[in-house]
Amino acid sequence: MFFLIKTALYLAFVAAVLAVLNWRGVGKIGKIGACTILLLAPFSDMFIVKGIMQYFKLTHSPLQQVIKIVDKPGSVLWMDEV
């Protein structure tokens, strides 16, 4: 319930900002830009993290990599929790 109230208040704030911009005579591009920025602002951290993770995915190699397959290993670790 609190989330719905908070969302409604934020949308009312965005509408108020757009009303002020309309009253000040800002053009259509300015209104679209302000609306886009205000509606995407709550999700900005998600976009930043997604970008950082995409960068690491493209630039870093995986930590574990299979180099060769061994037919007969020298030792085998067996853990049995009975």
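Ala, Val, Leu, Ile, Met, Phe, Trp, Tyr, Cys and Pro count as nonpolar, Asp, Glu, Lys and Arg as charged, and the others, Gly among them, as polar. We will need that for the pocket.

What you see is a predicted model, where local features need pLDDT of at least 70, side-chain atom pairs count only at pLDDT 80 or more, and totals for chains, interfaces and linings use all residues. Residues are numbered from 1 along each chain as its sequence is written, and side-chain values use heavy atoms, without hydrogens and water.

The protein chain has three helices and zero strands; helices are DSSP runs of H or I, at least four residues, and strands are runs of E, at least two, numbered from the N terminus.

Take helix α1, residues 2-24. Its 23 residues should span 33 Å at 1.5 Å a residue, and its end C-alpha atoms are 33 Å apart, which agrees. The expected span is 1.5 Å times one less than the number of residues. After α1 comes glycine 25, with a positive phi near 85°.

Now the overall form. The C-alpha trace spans about 80 × 35 × 10 Å along its principal axes. Buried residues, meaning under 20% relative accessible area with a 1.4 Å probe and protein chains only, make up 5% of the 82.

Which residues line the largest pocket? They are Phe3, Lys6, Thr7, Tyr10, Leu11, Leu39, Pro42 and Phe43. Six are nonpolar, one is polar and one is charged. Helix α1 gives the largest share of this lining, five residues. A pocket here is an open set of points on a 1 Å grid over the protein atoms alone, where a 1.4 Å probe fits, with protein on both sides within 12 Å along at least five of seven lines; lining residues have an atom within 4 Å of a point.

Definitions and conventions: Buried < 20%, exposed > 50% of the residue type's maximum accessible area, 1.4 Å probe, protein only.
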